[in-house]
Amino acid sequence: MDVDTGNMTQTNLVDKVVVPGDVVLDLTKMENQTIKLGSGLRQDCDYISVMQAGKLRLSKPNKYWVESSQKRYVPRLEDTVLGIVVEHRSDNFLVDIKAPNLAFLPVLAFEGGTRRNIPKFETGTLIYARVVKANGIMNPELSCTDASGKAAEFGQLKNGYMFETSTGLARMLLSSPTCPVLEALGNKISFETAVGLNGRVWVNASSPDDVILVSNAIMRSEFLSGTQQRIMAEKLLERLQKS
Amino acid sequence: MEDRTDGRNANQLRPLGCSRTILNRAHGSARWSQGNTIVLAAVYGPKAGTKKGENPEKASFEVIWKPKTGQIGKQEREYEMILKRTLQSICLVNVHPNTTTSVIVQVVGDDGSLLPCAINASCAALVDAGIPMKHLAVSISCGLMEEGSIILDLTKSEEEKLKAFAYLVFPNSPLSVIDKVHSSKEEPIEHGIITSVSYGAMPVSGYFDCLERGRAASAAISEFLRRSLQKQSSEDASRAAQ
């Protein structure tokens, strides 16, 4: 492997599993190029090395990141997350989003929010929000409006059932085209779901049986391939029709 | 005196075993076994806030060591301190300042080389939890026999009989796209040492022999750890198909 220096390509670790400490890029060989680093990579003088174990991915032309699935969440800008209100301060709600720090949700960050109509969220309220400020050091900040100020489905989620998953499963559920398990379930049952990239999923349907069935199907689909997910969903649906 | 009680030769390690993500509620967990020495490590965090006396500009680590039987005493506190210092030096503490990560180590079986086994288990558990790290740590025990020969991976009976032995922790050997030719001016990273705990009196030459043998063996453990991390991600696909 370390014989011929000229033939060493920069990206021979792409799509392979890397562990912390592996050096994936040598910046001295790449001049006048801009590289974007996603999660799991850091710059160490002239090298880019790995911080978290996972699969190294490259999105052409120049974005590298390490894909890994964790039980905790690292906040990134413009992610949509499900948070649980922990406390109500005078000008923010403190919200838990499974991150190293509690997130702040300003009381005015709602559509048409003024000092007079501050929403009354008690401890334990489930909120669907968007991350608007996330650097590693300060508490992340959320907002319940989209970029133009409209509500756009953000806000409190009432009724339904929330369960926790890994961040990898949440990303798979939000991938496009539609995740096979959601498609297979959606053909037979009508339900609504909200997926937070921080590893929380909320499901609501007309009857508790449907909610349980959809939640179980989603939890089981984490490591299955597309066809396996469809088969699993169909088996679960059959059982419900029979009983 | 070349025969060891379990029939291994001087450089042979006991069978290694590693499984990760075994605890449901922990954010990261791993079980590491070397022969009959088995240790279970669980990682919770990072969580907000640091304890009093810890630097709030860095992430802090908290280690709790649970022995198999008996009360917690000085030996456990010593292990906690060694483990904490080792983990602090391999993790990137500037990524999440003002947070605390807790590592709980539970001894399931003790047949010698307990501290190295615990360090390997904690490192695997930290990787499972996604804590940012500079590199992995690989740990091994080396004993010095009377005539000066070194044996690796000691059992409990060997530790009791030997005059002197040491627990050593090395960084793992990284995969790199950098040409080895260029970087041969500096020492490769696996020639460093992270932690060394020695028991008994040994001559300086004996200690350096231990370091060399330990370093050579750590390459094998490092390869095993890498393979088990790679296998886990493809094994998950077949594991949950029930």
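**Before you start**

Residues count from 1 along each chain as its sequence is written, while chains are lettered from A and ligands numbered from 1 in the order in which they are written. Because the model is predicted, local features need pLDDT of at least 70 and side-chain atom pairs count only at pLDDT 80 or more, though totals for chains, interfaces and linings use all residues; side-chain values use heavy atoms, with hydrogens and water left out.

**Stop 1: confidence along chain A**

The chain averages 87, and 95% of the residues score at least 70. Now select residues 1–9 of chain A, where the pLDDT is below 50; beyond near neighbours in sequence, this stretch has 11 contacts in the model. A contact here means heavy atoms within 4.5 Å. Where pLDDT is low, the predicted coordinates should not be read in detail.

**Stop 2**

Next, select residues 35–72 of chain A, to which an unreviewed UniProt entry gives the feature "domain: Exosome complex exonuclease Rrp40 N-terminal". UniProt positions follow the numbering used here, feature names are shortened, and annotations may be inferred rather than shown by experiment. This span is 0% helix and 55% strand, with its end C-alpha atoms 27 Å apart. Helices (H or I, at least four residues) and strands (E, at least two) are DSSP runs, numbered from the N terminus.

Within that stretch, zoom in on A:Pro61, in the loop between strand E6 (54–59) and strand E7 (63–67) of chain A. The peptide bond from A:Lys60 to A:Pro61 is cis, with omega near 5 degrees.

Then move to residues 160–208 of chain A, listed by UniProt as "domain: K Homology" (unreviewed entry). Here the chain is 35% helix and 33% strand, and the end C-alpha atoms lie 9 Å apart.

**Stop 3**

Most residues other than glycine have a negative phi, and most peptide bonds are trans. A:Asp15, in the segment before strand E1 (17–18) of chain A, has a positive phi near 70 degrees. Its relative accessibility is 46%, so A:Asp15 counts as partly exposed. The classes are buried (under 20% relative accessible area), exposed (over 50%) and partly exposed in between, using a 1.4 Å probe and protein chains only.

A:Ala152 has a positive phi too, of about 50 degrees. Look for it in the loop between strand E12 (141–143) and strand E13 (155–156) of chain A; A:Ala152 counts as partly exposed because its relative accessibility is 38%.

For a buried residue, select A:Asn92, at 16% relative accessibility. A:Asn92 is in strand E9 (residues 92–96) of chain A. Leaving out residues up to four places away in sequence, A:Asn92 touches A:Glu87, A:Phe104, A:Leu105, A:Pro106 and A:Val107.

**Stop 2: strands of chain B**

Switch to chain B and show strand E2 (residues 28–34), where 6 of the 7 residues are buried. Strands pair if DSSP finds at least two bridges between them. Strand E1 (residues 16–20) runs antiparallel to E2(B), joined by 5 bridges, and strand E3 (residues 37–48) pairs with E2(B) in the antiparallel sense over 7 bridges.

Click on B:Ser33: it stands opposite B:Gly17 and opposite B:Ile38 in E3(B). The hairpin of E2(B) and E3(B) has 2 residues between the strands, and B:Gly35 there takes a positive phi near 65 degrees. Follow E3 of chain B to B:Pro46, where the peptide bond from B:Gly45 is cis, with omega near 0 degrees.

**Stop 3**

Terms used. pLDDT is the predictor's confidence in each residue, from 0 to 100.
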